[in-house]
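Subject: A structure for you to look at

Hi there,

Here is the structure I promised to pass on to you. Please open it alongside this email, and then read my notes below.

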Amino acid sequence: MKATLLSAAFLFAYGLAACSRTQSADALISEARNYQQKGDDASAQIQLKNVLQKNPDNVEARYLLGMIAIETGDPQSAEKELRRALSLGKSAEMVLPALGKSLLMQNQFQNVLDQTEKVSTQGDVLAMRGNAYLGLRRNKEAKEAFESSLKSDPDFPAALIGLAKNALIENDVAAATSFAEHAVNKNPKNIEVLLFKANLLSGQHATEPALAAFNTVLALKPDNVDALLNKASLEIGAKKFAEAKIDIDAAQKSAPKNLIVLYMQGLLDFSQGKNAEALEGIQKVLSAMPDYMPGVLIAGALQYNLGSMPQAKQYLTKYLAKNPNNLYARKLLVSTFLNSGDIANASLALEPALKDPSQDVELLMLAGQTNMQSKNFIKAAEYFEKASALVPQTAKPHTALGLSKLAMGENVGGVAELEMATTLDTKSPQSGILLIMAHIRLQEFDKALTAANALEKEQPKNVLVQSLKGDIYYQQNNLVSARASFEKALSLQAAYFPAIINLVQLDLREKKPDVARKRLEALLAVDKKNIQAINAMASLALFQKHQEEATAWLERATQEDPESLPAAMRLTSRYLQINEKLKALTLARKLQATHPTDPDMLNLLAQTQFANNDKLAALESFQRLVALLPNSPVTQFKIASVQIALDNPTAASEAIKKALAIQPDYLDAEILQTSLYMRSGNQAQAIEFARKIQKQAGQSAIGYEIEGNILLSQKKPDLAAKAYEQAFLVNNKNVTLLMKLHESLNLAGKTKEADARVNQWFEQHPTEVALHIYLAETYLAQKQTKAAIVQYLLVLRQEPRNIGVLNNLALAYQQEKDPHALETAEKAHQLAIDNPQVMDTLGWLLIEQGDTTRGLPLVQKASNAAPDALDIRYHLALGLLKSGDKVKARIELDILIATGKNFANMEEAKALAKTI
């Protein structure tokens, strides 16, 4: 039976093919017309294509294919066929109106006017030109064209609909409705008229009447693509997704090349949360019609949903350039800027929408968020209060208002708003979580625990609640309960990293690093690509001072997730820390090439360039960063720092002025400006700036310290001591300030007062190593060697392996001819066998004691390791001379003298050279 059917089907198909080969072109065209009249456009197209297989230059077939393409919503194909028909000799009077319609469908409005300019002014052409004028927003000319069209036929539907469209543009809905009703009454079966009426109802949000109107169109012409798509759009808006899909599929069957069908499918996918599928279809639409604004808008929304903020910004900015009053697009663009951390542009994008008093809750919330991120908490609270007043029974505005009040320091009001939000929203844990966090931040741990226990009853399986309870217990130093809460969080979600890392911290606090390591290794065993765990392993390695292992973990993070920018940036920073500057630069360049507009990446590249001594490249990178972050005072400060390194103080000062113009109280910039004044010899201006810092910095001691530094450089130790005293009053825990106060008092001749201040410090801080070292160096400078030795020995009681102190102590013993000198130098050398200063000290001691056999190689090695250290080279020359090698000794002395640099024994070196 199957074979018989197959044969019949084969013979039937063969018969059609044979028939088409034997029929004449005229007969095929006639059949195509018949099919077209019956509404069977697909069969008509087949017959016309059969004609063109025989004769590609058949003008009538080309013309009819163009007309059918217009009917099926394929304007690109229509344009192609109609232009071909025109070139083959078809009358311009016949082709140009249809060609104009295809161009109109593609929004090529000026092209429509150009193509129809020389066509006789018949009604349909005038109406078409009117629509083109409307597209170009030349409304007056459009109205004139439509009215001229009606002069020949007062009931001409296209002209009536054109006037209705013009009335809508002028916001005259009543006139538009009147024109539409007139058109329908006089042309009850005209598809274009019925479609307009349906769309008019749709625009007035009369969904059910509009759907009924579209069904009227489809009853007359079931494959009408416009009716199917517009009906689908209404159904999508009403969340009737299944019905919309049926209509879109029907439109696709009728017009497989119609790009608006593809757009509508994208809209349906977007509405159902199928963002990736939707974007694929929308991008196909935009590749053919890049200025199709509905597609541009939905592409922006899709990119936003997919987290691609730069692309979302590009689409939405383009859309708003053409449609500046579209509030949805504007709110979406503001959200895009906020998600990118671009607060300045978020504010600019918001500004047009906030000119009039807004009743839009979403807009008010965005305005609040923007001001929150700008740290303008008072303004943020105003917007959140307005939003809350519009929807007082909605939790979200109360949550936002609570956060803004907390940021302003209104702790009671902030907590009250969060409590209100928690009461209003019992389904979502967000408000409750934020309430707990607010109490933790305010160190109200009992209240935080009460709120956490209440939320736990409503959300017993919420892992974050358990984690927060662990945090609270930890803050209360209840480590047993903290561990229990974190363990409970892991019982709910085995790989919940915050709980794991908190348990790691507890392990380390209990001095169990191996337990912490095993905990992280267990997570990596089941999830080897867990970047958080890998980074934690790197931190653990650093904690245990396993430097190479830490680097290896960070390298693994980039291997496991090569697309992760944060992981790669951490590795780059690590390379800088361990002085692998070239590796850091290579990686930074690679990352910047793939993330050219990422500010953090550009900043890191500049740092690596500077570390590699490529100051000009670093300057260029920071200047590019300014283009991305024009309101960043930090970037201007970094430019100033590079300019100083390039010995360009004028340019540095200009950059500092820009930084201070952006942020007048930017302390680092003010300090740098003060140093620039000092460098230029403008000490009066420097002091004035220091006193300005004192006033604005409040409790900061830095302004007084800078003034003290300036006065000390002016050799005014009495006044400097007063400034340092004031600084020390502000910050009496800063031992560096005490050292400066001690120095200035000594220089002012107030030695007893200086020593009294130091002794007073030691009573409260008996183990202050830094101060002992300072005093030792001070005593050495004053040639009080025995007192210096006492201080160094006090340091060694606490830090017996301090190489610098051991080396200096050996030198001090040497000056005192103390036999402990060699023993101390040997100990330092054992701890730092390749340190040039240590090698020189030991070698010189041995040479002085006559042991040149062992001492001279040590000093030679030290000089090779530190060729610019003139004191070591001088010791080498003396050692060579003592060993009897005058030639090499003279060479070393000549090299030393030729440097032109000064050092303590330069005169002795010159005198010695004359004797050899």
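Just after helix α8, arginine 137 takes a positive phi of about 65°. Before going further, please note that this is a predicted model, in which local features need pLDDT of at least 70, side-chain atom pairs count only at pLDDT 80 or more, and totals for chains, interfaces and linings use all residues. Residues are numbered from 1 along each chain as its sequence is written, and side-chain values use heavy atoms, leaving out hydrogens and water.

Back to α8, which covers residues 123-135. Helices here are DSSP runs of H or I with at least four residues, strands are runs of E with at least two, and both are numbered from the N terminus. The expected span of a helix is 1.5 Å times one less than its number of residues, so the 13 residues of α8 should span 18 Å; the end C-alpha atoms are 19 Å apart, which agrees.

How many of the residues of α8 are buried? The count is 11 of 13, where buried means under 20% relative accessible area, exposed over 50%, and partly exposed in between (1.4 Å probe, protein chains only). Among them are Val125, Met128 and Tyr133. The buried residues of α8 pack against α6 (92-105), α7 (109-116), α9 (139-152) and α10 (157-169); contact means heavy atoms within 4.5 Å.

Next, look at isoleucine 534 in helix α32 (residues 531-543). Isoleucine 534 counts as buried because its relative accessible area is 0%. Leaving aside residues up to four places away in sequence, isoleucine 534 touches Leu524, Lys528, Trp553, Arg556, Ala557 and Glu560.

Is isoleucine 895 buried or partly exposed? This residue of helix α53 (residues 886-898) is partly exposed, because its relative accessibility is 39%.

Finally, the whole protein. There are 54 helices and 0 strands, and buried residues make up 45% of the 916 residues. Along the principal axes, the C-alpha trace spans about 125 × 70 × 70 Å. The radius of gyration, taken over C-alpha atoms, is compared with a globule rule of 2.2 Å times the number of residues to the power 0.38. A compact globule of 916 residues would have a value near 29 Å, but the protein has 42 Å.

Enjoy exploring!

Best wishes
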